[in-house]
Amino acid sequence: LYMFKGTDMKHCWLPRLVLSALMLCALPSVAGEHGEGGSRLLLTPPNKAYKEECASCHMAYPPGLLMASGWQKMMGGLNKHFGSNASMDAATAKEITQFLTLHAADRATGRFQSKVAREGGRDAGVIRISETAWFVRKHDEVSPSVYKRKAIGSVANCMACHRGAERGDYDEHAVSIPR
């Protein structure tokens, strides 16, 4: 790092600035991809409206699990949101839609989202995470009857098998399927 002959780190601000910038650039991709022990993480950036409105009824699914068009379609039909009326005021709906589409699989920059997006060529407009190509491939060995178990309830209950799902941890080596 001693790029300038005759100077030391303490007195030369440029090498320290470059090093700091490089570390900051690398941080989001590392933090969004691996947790302790290399486990897969898909972090949901903080958004107060999303947490208050959506996570009050179900887990705050990471936006990177759907394509932007899927989130837009879902948010446009909140009055019939999987059998419930999840309507909200227009300003809040707009804020949440912008948040979800900004961090959607086809718009986010993380490696995990890129994998979901690459596999999701036919997923445009899909609003069920469980119907995306990525999800189907990752869960192809799970029998549909497993999702009907009392301890699971439905395919939408990620937390039943992925204990760290609310933290964005979907490490397949930490899956525990309830009996």
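## Salt bridges

A salt bridge is a side-chain nitrogen of Lys or Arg lying within 4 Å of a carboxyl oxygen of Asp or Glu. In this predicted model, the side chains of Glu119 and Arg137 meet in such a bridge, with 2.6 Å from N to O. Because Glu119 belongs to helix H5 and Arg137 to helix H6, the pair ties together parts that are 18 residues apart in sequence. Glu119 counts as partly exposed at 24% relative accessibility, and Arg137 is also placed in the partly exposed class, at 43%.

By this rule the count comes to 4 salt bridges. One of them joins the side chains of Glu52 and Lys48, at 3.9 Å from N to O; these two residues are 4 apart in helix H2, which means that about one helical turn separates them. Lys48 is exposed, with a relative accessibility of 64%, whereas Glu52, at 49%, counts as partly exposed. Another salt bridge is formed by the side chains of Arg128 and Glu131, at 3.8 Å from N to O. Arg128 has a relative accessible area of 40% and is partly exposed, and Glu131 is partly exposed as well, at 48%.

The side chain of Asp169 does, however, reach the backbone nitrogen of Asp171, at 3.0 Å.

In soluble globular proteins, nonpolar side chains tend to be buried together. Here the largest nonpolar core has 36 residues, and of these Tyr50, Trp71 and Ile96 touch the most other members. At least two residues of this core come from each of helix H2 (48–53), helix H3 (68–75), H4, H5, helix H6 (133–138), helix H7 (144–147) and helix H8 (158–161).

If neighbours within four places in sequence are left aside, the residues in contact with Tyr50 include Trp71 and Ile96, and among the others are Ala55, Tyr61, Phe99 and Leu100.

## Helix H4

At the N-terminal end, Asp89 caps the helix, with a side-chain oxygen 3.2 Å from the backbone nitrogen of Ala91.

The buried residues of H4 are Thr92, Ala93, Ile96, Thr97, Phe99, Leu100 and Thr101, and what covers these buried residues includes H2 and H3. An α-helix has 3.6 residues a turn, so residues three or four places apart point the same way.

Apart from its neighbours within four places in sequence, Asp106 is in contact with Met67, Ala68 and Ala117. The C-alpha atoms of Asp106 and Gly121 are separated by 9.6 Å, although these two residues are 15 residues apart along the chain.

Methods: Residues are numbered from 1 along each chain as its sequence is written. This is a predicted model: local features need pLDDT of at least 70, side-chain atom pairs count only at pLDDT 80 or more; totals for chains, interfaces and linings use all residues. Side-chain values use heavy atoms; hydrogens and water are left out. Contact means heavy atoms within 4.5 Å. A nonpolar core is a set of buried Ala, Val, Leu, Ile, Met, Phe, Trp, Tyr and Cys residues joined through side-chain atoms within 4.5 Å. Buried means under 20% relative accessible area, exposed over 50%, partly exposed in between (1.4 Å probe, protein chains only). A polar contact is a pair of N or O atoms within 3.5 Å; within protein, one must be able to donate a hydrogen and the other to accept it, and residues adjacent in sequence count only if both atoms are side-chain atoms.
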